[in-house]
Amino acid sequence: MIDRDRLGEFVRMAWIEWAHEQPDPKPSWLVPYQDLSEADKEADRRIGEFVMNVLDKNYHPLDLYQTEVRRTTGTVGFSDTLVMASMGLAGETGEVIDHIKKYLFHAHNLDQEKLVKELGDVAWYLTALCNVIGVPFKEVIEKNVEKLQKRYPDGFSSERSKNREEH
Ligand SMILES: [Mg+2]
């Protein structure tokens, strides 16, 4: 494991390199790591550690996505976020269906790019729901995979679908 101060120094080096490229860098941008306040040093150490953890794959990509969803959630509190996320999920699912309806019945093109964006919106609200109930999104997916492997060990089968024990 790299020393925390060393990580902080790397972050600061990248910052100073960027500052030198700016037309009019503020003097505070050019302060070397060793001359920073303890709070600023700690911020740089944490950024370094965060990047290291991501590189070490300690962070699942879905964990990072879940953090991004949390960052961009405007509501505060359990009830408001629960209502907002579930309404949003239904709304965005409707947008996906509307696009498919237009393709099937109104001779529109099946615009893959648009569908990808709408599916992303569905994923956002789904993840926001996971956040509000305090469950990692990856856990939802893992449990679903577990269920599918148990129910359909040899791929989908109508028989197993009709006679399944759990939902
Ligand atoms: Mg949408």
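## Reading helices, domains and exposure in a predicted model

The centres of domain 1 and domain 2, taken over C-alpha atoms, are separated by 37 Å.

Q: Where do the two domains run, and what sets their bounds?
A: Domain bounds come from an automatic or database domain assignment. Here that assignment gives domain 1 as 4–59 and domain 2 as 62–162.

Q: What should I know about the model and its numbering?
A: This is a predicted model: local features need pLDDT of at least 70, side-chain atom pairs count only at pLDDT 80 or more, and totals for chains, interfaces and linings use all residues. Residues are numbered from 1 along each chain as its sequence is written.

Q: How do I read the packing of helix 1 and helix 2?
A: Two packed helices are described by the angle between their axes and the distance between the axes. Helices (H or I, at least four residues) are DSSP runs, numbered from the N terminus. Axes are lines fitted to C-alpha atoms, for helices over the stretch in contact; angles run from 0 to 180 degrees between N-to-C directions. In this model, helix 1 (residues 4–20) and helix 2 (residues 38–55) have axes that come within 7 Å and cross at roughly 95°. Helix 1 and helix 2 are therefore roughly perpendicular (65 to 115 degrees; under 35 is roughly parallel, over 145 roughly antiparallel, the rest oblique).

Q: Which residues make that contact?
A: Two residues are in contact if their C-beta atoms, placed from the backbone, lie within 7 Å. Helix 1 contributes Arg4, Asp5, Leu7, Gly8, Phe10, Val11 and Arg12. Helix 2 contributes Lys41, Asp44, Arg45, Ile47, Gly48, Glu49 and Met52. By class, the contact has five nonpolar, two polar and seven charged residues. Ala, Val, Leu, Ile, Met, Phe, Trp, Tyr, Cys and Pro count as nonpolar, Asp, Glu, Lys and Arg as charged, and the others, Gly among them, as polar.

Q: Is Ile2 buried or exposed, and which residues does it touch?
A: A residue is buried if 20 or more other C-beta atoms lie within 10 Å of its own, exposed if 12 or fewer, and partly exposed in between; C-beta atoms are placed from the backbone. Ile2 sits in the segment before helix 1. Ile2 counts as exposed, with 10 C-beta neighbours inside 10 Å. Leaving out residues up to four places away in sequence, Ile2 touches Leu7 and Met52.

Q: How do I check the length of helix 5?
A: The expected span is 1.5 Å times one less than the number of residues. Helix 5 (residues 112–133) has 22 residues and should span 32 Å. Its end C-alpha atoms are 32 Å apart, which agrees.

Q: Which residues of helix 5 are buried, and what covers them?
A: The buried residues are Glu118, Tyr125, Thr127, Ala128, Leu129, Cys130 and Val132. Their cover includes helix 3 (61–71), helix 4 (78–105) and helix 6 (137–151). Trp124 also lies in helix 5. Trp124 is partly exposed, with 19 other C-beta atoms within 10 Å.

Notes:
Helices (H or I, at least four residues) and strands (E, at least two) are DSSP runs, numbered from the N terminus.
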